[in-house]
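Let's take a walk through this one, ring by ring. Have the viewer open and follow along.

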Amino acid sequence: MPTFDDETISKASPRAVWKVLYDPLRFPDWWSGIESAVAGDANGGNADVTLYPTGYPDFPLPQLVETRAEDRRVVVSCTVSDLVFDWRLDVHGPGTRIGVHVEIPEREHARLATQQEVISASLRRLAELAEVEL
């Protein structure tokens with residue numbers, strides 16, 4: 001199974017980053033390539049949120065979202081492609097280290113490079129947004 005990790009540092013506190021990260025309806029604010037988010041599953045399933053990629057309003061991507069406030073983690077699992085994004089926050093001086101571990105199923109391995117680019121850009125946008133909202 002292809003995997004990768006990425007991280008960045010934000011000047012914002014872990015609490016400030018958490019406030020942006022834990023709310024799946026805010027994913028479009030910082031997650032590159034996501035245009036909109038709707039609570040629940042657009043197809044009537046058990047997803048916590050449905051994301052719509054930029055430019056594809058008719059392509060719902062239901063996601064399961066598990067928040068773990070005690071260890072500052074948010075795990076997002078796509079029910080369509082089985083990609084898993086495990087976002088983690090750690091104190092780093094006065095700011096926050098934002099990390100993510102991504103798992104891509106073997107059948108989706110061709111998406112590895114694209115996902116690395118998307119996640120890299122998303123990390124930076126998340127860090128910047130949290131700093132603005134201090």
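**Aromatic rings and a surface patch**

Start with Trp31, which counts as buried because its relative accessibility is 6%, below the 20% cut-off. Keep in mind that this is a predicted model.

Now widen the view to the aromatic rings. Searching the whole structure turns up seven aromatic pairs. One of them joins Phe27 and Trp31: the ring centres sit 5.3 Å apart and the planes make an angle of 55°, a tilted arrangement.

Where do Trp31 and Trp87 sit along the chain? Trp31 is in the loop between helix H2 (27-30) and strand S2 (34-39), while Trp87 belongs to strand S6 (residues 84-92), so the contact ties together parts that are 56 residues apart in sequence. Trp87 has 0% relative accessibility, so Trp87 counts as buried too.

Next, over to the surface. Tyr56, Phe59 and Val80 make up a nonpolar patch there, and together they have about 320 Å² of accessible area. Val80 is found in the loop between strand S5 (73-78) and S6. Is Val80 buried, partly exposed or exposed? With 45% relative accessibility, Val80 counts as partly exposed, because that label covers the range between 20% and 50%.

Notes
Residues are numbered from 1 along each chain as its sequence is written. This is a predicted model: local features need pLDDT of at least 70, side-chain atom pairs count only at pLDDT 80 or more; totals for chains, interfaces and linings use all residues. Side-chain values use heavy atoms; hydrogens and water are left out. Rings of Phe, Tyr and Trp (its six-membered ring) pair if their centres lie within 6.5 Å; planes under 30 degrees apart count as stacked, over 60 as edge-to-face and the rest as tilted. Helices (H or I, at least four residues) and strands (E, at least two) are DSSP runs, numbered from the N terminus. Buried means under 20% relative accessible area, exposed over 50%, partly exposed in between (1.4 Å probe, protein chains only). Patches are made of residues with over 30% relative accessible area and no salt bridge: like charges are joined within 9 Å, nonpolar side chains (Val, Leu, Ile, Met, Phe, Trp, Tyr) within 5 Å. Accessible areas come from the Shrake-Rupley method with a 1.4 Å probe; for residues, only the protein chains shown count as cover. A salt bridge is a side-chain nitrogen of Lys or Arg within 4 Å of a carboxyl oxygen of Asp or Glu.
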